[in-house]
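This report walks through a single protein chain, from its overall build to a few individual residues. Please keep the sequence and the model in view while reading.

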Amino acid sequence: MAITEPMFLALTALAGEPQHGYGIVQEVERISGGRVQLKIGSLYGVLDRLAAQGLVALDREEIRQGRLRRYYRLTDEGAAALQDEAARLAANAE
């Protein structure tokens with residue numbers, strides 16, 4: 001399974017705790033040093049692909065200020081894929 005840069009960054013953003021969509025967008029921007037700025041529409045495409053591969057799952061839904069927020073979390077498979085991809089990138093950097 002190929003993991004694209006946006007997928008890797010989304011997995012990385014979820015490594016610490018479940019996040020809602022906008023939280024993932026902000027975390028991706030932070031961890032990429034502002035280099036990657038996911039749009040919400042792009043993010044949900046990434047999340048759909050990750051969910052289809054079993055790497056992320058819906059954690060919970062909340063209503064905040066009258067709006068539905070969906071929180072996503074890494075699955076065990078997602079955590080393993082993130083670790084494998086990080087190791088692959090580190091090996092390539094050497």
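## Overall build

The coordinates come from a predicted model, and the values that follow should be read with that in mind. The chain holds 4 helices and 3 strands, and these elements follow one another from the N terminus in the order α-β-α-α-β-β-α. The C-alpha trace spans about 50 × 30 × 20 Å along its principal axes.

Of the 94 residues, 34% count as buried. The chain exposes about 5,800 Å², of which carbon and sulfur atoms supply 47%. As for charge, there are 11 positive and 13 negative side chains, and the centres of these two sets lie 8 Å apart. When contacts between residues at least 6 apart in sequence are considered, 44% of them join residues that are at least 24 apart.

In soluble globular proteins, nonpolar side chains tend to be buried together. Here the largest nonpolar core has 23 residues, and those with the most contacts inside it are Leu11, Ile24, Val28, Leu50 and Val56. At least two residues of this core are supplied by each of helix H1 (5-13), helix H2 (21-31), helix H3 (40-52), strand E3 (67-74) and helix H4 (76-93). The largest share, 6 residues, comes from H1.

Which residues of H1 are buried? They are Met7, Phe8, Leu9, Ala10, Leu11 and Ala13, and the buried residues of this helix pack against strand E1 (19-20), H2, H3, strand E2 (56-64), E3 and H4. In H2, the buried residues are Gly21, Gly23, Ile24, Val25 and Val28, and their cover includes H1, E1, H3 and E3. Ile24, which is among the core residues with the most contacts, touches Ala10, Ala13, Leu14, Gln19, Leu43, Leu47 and Tyr72, when residues up to four places away in sequence are not counted. After H2 comes Gly33, which has a positive phi near 65 degrees.

## Residues farther along the chain

Ala57 has its place in strand E2, and, leaving out residues up to four places away in sequence, it touches Tyr71, Tyr72, Arg73 and Thr75. In the loop between E2 and E3 lies Gln65, which has a positive phi of about 50 degrees although it is not a glycine. Most residues other than glycine have a negative phi. Is Gln65 buried or exposed? Its relative accessibility is 83%, so Gln65 counts as exposed, the threshold for that class being over 50%.

Gly78 is found in helix H4 and is buried, with a relative accessible area of 0%. Apart from neighbours within four places in sequence, Gly78 is in contact with Leu11, Gly54 and Leu55; of these, Leu11 is one of the buried residues of H1.

How far apart in sequence and in space are the residue pairs below? The table gives both separations for each pair, with the distances taken from C-alpha to C-alpha.

| Residue pair | Separation in sequence | C-alpha separation |
|---|---|---|
| Ala57 and Ala86 | 29 residues | 20 Å |
| Gly78 and Gly66 | 12 residues | 31 Å |

Terms used
Residues are numbered from 1 along each chain as its sequence is written. This is a predicted model: local features need pLDDT of at least 70, side-chain atom pairs count only at pLDDT 80 or more; totals for chains, interfaces and linings use all residues. Side-chain values use heavy atoms; hydrogens and water are left out. Buried means under 20% relative accessible area, exposed over 50%, partly exposed in between (1.4 Å probe, protein chains only). Contact means heavy atoms within 4.5 Å. Accessible areas come from the Shrake-Rupley method with a 1.4 Å probe; for residues, only the protein chains shown count as cover. Lys and Arg count as positive and Asp and Glu as negative; His and the chain ends are not counted. The place of a charge is taken as NZ of Lys, CZ of Arg, CG of Asp or CD of Glu. A nonpolar core is a set of buried Ala, Val, Leu, Ile, Met, Phe, Trp, Tyr and Cys residues joined through side-chain atoms within 4.5 Å.
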